[in-house]
Amino acid sequence: MDWHLPYFFLVGLNVALVAGMLMLTRAYLTLRRDYATLGARLVQQQNDLIGLSAAAVQVDRRMLDQERRLRECDERLASLSSQDTGYQSYRAAIERLKDGVAPQELVSQLGLSLSEANLLAHLYAQRQGQ
C-alpha cells in the first residue's frame with residue numbers, strides 16, 4: 001500500500017491541476033468576452049463623440065451666422081434711424097394740424113407736397129371726428 005499513496009497523491013494533484021486549468025480557461029473566456037464588450041462600447045462612444053463634435057461645429061456655425069445677421073440688422077437699424085424717412089416731418093405736420101395750421105402752410109413750412117398735406121389734414125380731420 002505504500003506505493004498507492006504517491007499514486008493517489010499524483011492523481012489528486014493532476015485533478016487539482018485540471019480543475020485549476022478549467023477555472024483559468026473559464027476566467028480567460030470571461031475576460032475575453034468582457035474585453036470584446038468594452039471594445040465595442042469604446043467604439044460606440046467614439047462614434048458618439050464624433051457625432052457630438054460635428055453637431056457642435058454646426059451649432060457654432062449657426063451661432064456665428066446669427067450673430068452676423070444680428071450685426072447686419074443693428075447696422076441697418078442704425079442707418080434707418082439716422083436717415084430722415086419722412087416720419088418726423090409727418091409727425092410735425094400732424095402736430096401743426098392740431099394747432100390749426102392750414103395744409104398750404106404745411107407745404108411751405110415742412111416741404112410736403114400739397115397732396116400729402118391735404119391727405120394728412122383729411123386723415124386728421126376724420127380721426128378727430130371719431
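Modeller: A term before we start: contact means heavy atoms within 4.5 Å. Bear in mind that this is a predicted model.

Colleague: OK. Among contacts between residues at least 6 apart in sequence, what share join residues at least 24 apart?

Modeller: That share is 26% in this protein.

Colleague: And the secondary structure, how many helices and strands?

Modeller: There are 4 helices and 0 strands. From the N terminus the order reads α-α-α-α.

Colleague: Compact or spread out?

Modeller: More spread out than a compact globule, because the radius of gyration is 46 Å, well over the 14 Å from the globule rule for 130 residues. The C-alpha trace spans about 145 × 30 × 20 Å along its principal axes.

Colleague: What percentage of the residues is buried?

Modeller: Buried residues are 9% of the 130. The protein exposes about 11300 Å², with 62% of that from carbon and sulfur atoms.

Colleague: Which residues form the largest nonpolar core?

Modeller: It has 9 residues: Ala93, Leu97, Val101, Leu106, Leu112, Ala117, Leu120, Ala121 and Tyr124. Helix H2 (87-98) and helix H4 (114-129) are the elements giving two or more residues to this core. H4 gives the most, with 4 residues.

Colleague: What does Leu97 touch, leaving out residues up to four places away in sequence?

Modeller: Leu97 touches Leu106, Leu120, Ala121 and Tyr124.

Colleague: Switching to charges. How far apart are the mean positions of the positive and negative ones?

Modeller: They are 8 Å apart, for 14 positive and 14 negative charges.

Terms used:
Residues numbered from 1 in each chain as written. Predicted model: local features only at pLDDT ≥ 70, side-chain atom pairs only at ≥ 80, totals over all residues. Heavy atoms only, no water. Core = buried A, V, L, I, M, F, W, Y, C linked by side-chain atoms within 4.5 Å. Buried < 20%, exposed > 50% of the residue type's maximum accessible area, 1.4 Å probe, protein only. Rg over C-alpha atoms; globule rule 2.2 N^0.38 Å. Areas by Shrake-Rupley, 256 points an atom, 1.4 Å probe, with all protein chains shown as cover. Lys, Arg positive; Asp, Glu negative; His and termini not counted. Charge placed at Lys NZ, Arg CZ, Asp CG, Glu CD.
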